[in-house]
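Hi! Here is the structure I promised to pass on to you. Have a look at it first, and then read my notes below.

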Amino acid sequence: MAAAGVGVGGADTEVDFEFFPIIRQYKSGRVERFMNPDPLSAGTDPATGVTSKDVVVDPAIGLWARLFVPPGGGAAHGKLPVVVYYHGGAYVVGSAADPFTHHYLNGLVAEAGVLAVALEYRLAPEHPLPAAYDDSWEGLRWVASHAKPGGGGAEPWLLEHGDFSRVFLAGASAGGTIAHMVAARAGEHDGLGLGIKGLLVVHPYFSGAADIGEEGTTGKAEKAKADAFWRFLYPGSPGLDDPLSNPFSEAATGSAARVAAERVLVCVAEKDPLRDRGVWYYENLKASGYAGEVELLESIGEGHVFYCVNPRCEKAREMQQRVLSFLRM
């Protein structure tokens, strides 16, 4: 395919859009991804004893999920809380099977004694937004189909091990944004019959047209770059105040207050460029009329998704203990 593209006026080497160091698209349509490690296979993790497997959710769109259960399938724990997890990657990279997500969920499932469902949503630009959000919603609906007899769900691990009165939605970076949006949509549908106890939003990738915090010191060029990237992800979008980017914009019509969770834990990192948006989300959710509890954890001296890069560092363990406490409420 590359050779054919080069033969058409060099279109396969001429850059059409770049958001370095994450993605580059050429005028031929070819996409080059960076920071996108090879996926890992499901199976039994020798370090934790956690077992995972991949399950097709919707073959029509290629939607699938990776499920994780504790050692022994959780038999010693009885029914297990269900954590529905959305990976990060700025909507263009990442996977339920990438090393960061796979290793993180192995550790979380082992320590928390939960059943995790990591959804594999479609990526932009091949599948522009809102595809990732739509897939993520369909994934939660699929989980909910196992909650009651006759719901249509047929996945044995969910039927045998899942406690649907204790469900948590979680995600990191863009996945944190997705988790919020899915929780808000669930609130408009009576939680899909699930007992959604908590929403875990880690280093979320929110934005907005108006500057907040340190954004005002980075200049107009950075805001323009962020806007261009959002429009690359979502052609036809009104920009950074799109409700999928800014859940508190006028166009969002108060949807944040409808989050279907009893509690929300927002995690930010001091040196993360997205830190101020995370705090902004925490403060605005508290002021939105949302009826539940909202908590904030800031990891001092750390950067974006540091706990995946260095999971054994002191701040990663501190964050893990806070998350475990949140899941055990």
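Start with E262 and K197, whose side chains meet in a salt bridge at 3.1 Å, N to O. By salt bridge I mean a side-chain nitrogen of Lys or Arg within 4 Å of a carboxyl oxygen of Asp or Glu. This pair links distant parts of the chain, 65 residues apart: E262 is in the loop between α6 and β10 (263–269), and K197 is in strand β9. Helices (H or I, at least four residues) and strands (E, at least two) are DSSP runs, numbered from the N terminus. E262 counts as partly exposed at 46% relative accessibility, and K197 is partly exposed too, with a relative accessible area of 25%. On that scale, buried means under 20% relative accessible area, exposed means over 50%, and partly exposed is in between (1.4 Å probe, protein chains only).

Before you go further: this is a predicted model, so local features need pLDDT of at least 70 and side-chain atom pairs count only at pLDDT 80 or more, while totals for chains, interfaces and linings use all residues. Residues are numbered from 1 along each chain as its sequence is written, and side-chain values use heavy atoms, with hydrogens and water left out.

How many salt bridges does the structure hold? There are 22. One of them joins R317 and E111, at 3.0 Å from N to O. R317 sits in helix α9 (residues 314–327) and E111 in helix α2 (residues 99–112), so this pair ties together parts 206 residues apart in sequence. R317 is partly exposed at 32% relative accessibility, and E111 is partly exposed at 31%.

Then look at E295 and R263, where the closest N and O atoms of the salt bridge are 2.2 Å apart. E295 belongs to strand β11 and R263 to strand β10, so the pair ties together parts that are 32 residues apart in sequence. Is E295 buried or exposed? E295 is buried, with a relative accessible area of 16%. There is also a network of salt bridges linking D211, E215, K223 and R277.

Now the sheets. Strands of a sheet pair through backbone hydrogen bonds, either parallel or antiparallel. Two strands count as paired if DSSP finds at least two bridges between them.

Eight strands make an open sheet with mixed pairing, in the order β4-β5-β7-β6-β8-β9-β10-β11. Its edge strands, β4 (51–58) and β11 (293–299), each pair on one side only. Neighbouring strands here are turned by 20° against each other on average, direction ignored. (Axes are lines fitted to C-alpha atoms, for helices over the stretch in contact, and angles run from 0 to 180 degrees between N-to-C directions.) Inside this sheet, β8 (residues 162–172) and β9 (residues 196–202) run parallel and are joined by six bridges. V167 stands opposite I196 in β9. Helix α5 (residues 174–187) lies across β6 (80–86), β8 and β9, at about 135° to β8.

The other sheet to find is an open one of three strands, β1-β2-β3, with antiparallel pairing. β1 (15–19) and β3 (31–33) are the edge strands, each pairing on one side only. The twist averages 10° from one strand to the next. Helix α6 (residues 220–233) packs on this sheet and touches β1 and β2 (contact means heavy atoms within 4.5 Å), its direction making about 115° with that of β1. β2 (residues 23–26) and β3 pair over three bridges, and I23 stands opposite R33 in β3.
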